[in-house]
Amino acid sequence: MERPSRWSTPRPPATPRTRLVPPPDGFAAGEQASSLPTSTFGARDPEVERGLSEAAGDVLLRFLAREAAGQDDESATQSATSGRREDARNAVGQDELTALFEHLHAAPAEPPDDLSADLEAERAFVLADVAAAGDGLARQIASRELQAFSTDPLRLVDLGREVLVRLADGIDTLPPAGFGSCALLRVLRIAARRALAEATRSPAPLEVRE
Amino acid sequence: MNHHASHADAARFVRGLDEALLDLELLPPGDPEAEARRDATVAVLSRYIEARGVLELELHFAAGLVKVDGEPLIEQSLRGSRLLGRLRARNVRSLRFERGTTARELRTLAELLLDERQVDAFSPANLGAAFLRLGLTHVSARCERRPGVESPRPDAVRGYQQLAAVVQDNHIAAARGDELELADTSGAVEGAMRWMATRPSDLLALASYEDVDRFTVGHSVRVALLAMLVARSVGVDDEMLRLVGSAALLHDIGKSKVPSSILFKRGRLDDDEWRAMSEHTRHGAEILLAQKGVHPSAVGVAFSHHLSPAGAGYPNAVLPFMPSSMSRLVRVCDVFEALTAMRPYKPELTPAEALAIMHRNRADFDQRWLHAFVAAIGAYPVGSFVELTDGRFAMVVAHGPRANRPVVRVVGGELSDAVVGVPGELEDVGVLRGLRRSESVVAGPRLLVG
């Protein structure tokens, strides 16, 4: 871990900022929309300290100015109601924070899957979904691509055993009067089963995911 | 009404002007909602003029910013990039709206700005006559004689405007059933990648501005920035970074098909509304699938960013679903952003609280991406303030050896930094809690003068 040993910008003066007049509401209307500090994306940015101090001062002034102006919030009552509900749902106790940190500390830091992992499987599921339940041009395109998918054994085999089983079993369980009657899905199921059988006979076994 | 409040009205008026452009692009002529919005905008203008005791409101446009009385309207400048772009293309330096401006004039001006055949109306020689011919008696413009006099603004404002513009443009195109601007999307993401490598905090500073608009532009931009940051932290190459950024930027494109009355409803959605909302993921996949040149990852992310790794959530997929690794990353960033977002109707959560809630519902998230997220962003992100268990406040200056042991600088303490809970540094001290932004304003000045 790399640690800065010192603040990288000069220490600000000990006197308060001279800008005591509230900023114009062009800035005031620009309320921050996230609780993330603005420096999240630049931990060692030399401007961080200055930027934060200015932002902190401006926010404070905005709050003071708003209280003085008597905020006009036409949906204040509504906000209060939904706010209370949200409060209850989002309340976080100290015990939960402790549990979070214990978990983060205890769990082995396994690297996440490669970002390209499962893209092809996801594609197959999206195509099956849109071909069966989608609409308009997208449905036509999905149907066409799904058909090509079903007739390309190599592409199917590349999906891996788990995905093929999931596809085939999933289609098997669809209600016959519903999506189970979709011809494209039935073709996909047959192709998936065939690919599974081919792979079983093949000297190179299909990859089995952990 | 004081100066502060009337300035807010000027900002609202600019927002209304931008909305008028959007309405003309999206809604049929005579749409009552659009007319009501224009009426309200004109009322805001009247209130401004009345309160200031002036005869007009004059807006200036320079260096990618809207200014009133010399003060930039940052939020409006970030969101109104379409308006600014059209004004820039016509070399308009200022617009003046006099007392008595009508909603009809507002509409005419918006039509004029949208009509590419009428660009000549803004040449200095034609300007006065053209405006009068169109009935714009209370509105006037000042234009530069030569095109391209405004120097480009090579800074974070422009970078953010580009990201926001592609989200907005693509949502408008999707709502109208038009082709998406995919090349622009890639270009904006590449611009963001360059910014991340040089001055990343500038971009996020802008990304944290309010984004309550028709297409939740700011949310999409923030999710994209977070996803790119986490992806970068695990060492993906530039090509993959571009794919992640583009997919995350477009992940909510399906919301362009959800009525705004549902999208922005405050309070609980009823069953029908919920069904309509939950379809935005399928809509998104359909929109992107129907486009040429969209990478499959963007289609997948749009479809499955509300699905858990086990496939729970929505949409109610036809087959038991399997989200990709990229979708699982975007889901983590999407939920985290939503929880930490500040909205008028809900309190913001600190990043640590947001992570605790995500931990509470941990089956909903890919744990490895969640860990990578915490490693990259931190439970107490750099720049945030914390209260220590000994009652002191401190600012986080770097990630520490553990998520709850950041490197901090104590308010009023020495200039050196210390690791929380480490012998020889801040021994026997822990982080009691992270401070909300609104609390940090108290700690901030104290830290800086300490």
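1. How many helices and strands does chain B have? In this predicted model, chain B contains 19 helices together with 10 strands. Of its 450 residues, 60% count as buried, and the accessible surface of the chain comes to about 16,900 Å², with 50% of that area belonging to carbon and sulfur atoms.

2. One open sheet of chain B is formed by 5 strands in the order 3-2-1-4-5, with antiparallel pairing. Strand 3 (71-72) and strand 5 (139-143) of chain B stand at the edges, and because each has a single partner strand, one side of each is left without a neighbour in the sheet.

3. Within this sheet, strand 1 (residues 56-62) and strand 4 (residues 92-98) of chain B run antiparallel and are joined by 5 bridges; B:His60, for instance, has B:Ser94 in strand 4 as its bridge partner. Helix 2 (residues 32-52) of chain B packs on the sheet, where it touches strand 1, strand 2 (65-68) and strand 4, and the direction of helix 2 makes about 105° with that of strand 1.

4. A further open sheet of chain B is formed by 5 strands in the order 9-8-7-6-10, and here too the pairing is antiparallel. Its edge strands are strand 9 (418-419) and strand 10 (431-434) of chain B, each of which pairs on one side only.

5. Strand 8 (residues 405-410) of chain B runs antiparallel to strand 9 of chain B, and 2 bridges join them; the bridge partner of B:Val407 in strand 9 is B:Val419.

Notes:
Residues are numbered from 1 along each chain as its sequence is written. Chains are lettered from A and ligands numbered from 1 in the order in which they are written. This is a predicted model: local features need pLDDT of at least 70, side-chain atom pairs count only at pLDDT 80 or more; totals for chains, interfaces and linings use all residues. Side-chain values use heavy atoms; hydrogens and water are left out. Helices (H or I, at least four residues) and strands (E, at least two) are DSSP runs, numbered from the N terminus. Buried means under 20% relative accessible area, exposed over 50%, partly exposed in between (1.4 Å probe, protein chains only). Accessible areas come from the Shrake-Rupley method with a 1.4 Å probe; for residues, only the protein chains shown count as cover. Two strands pair if DSSP finds at least two bridges between them. Contact means heavy atoms within 4.5 Å. Axes are lines fitted to C-alpha atoms, for helices over the stretch in contact, and angles run from 0 to 180 degrees between N-to-C directions.
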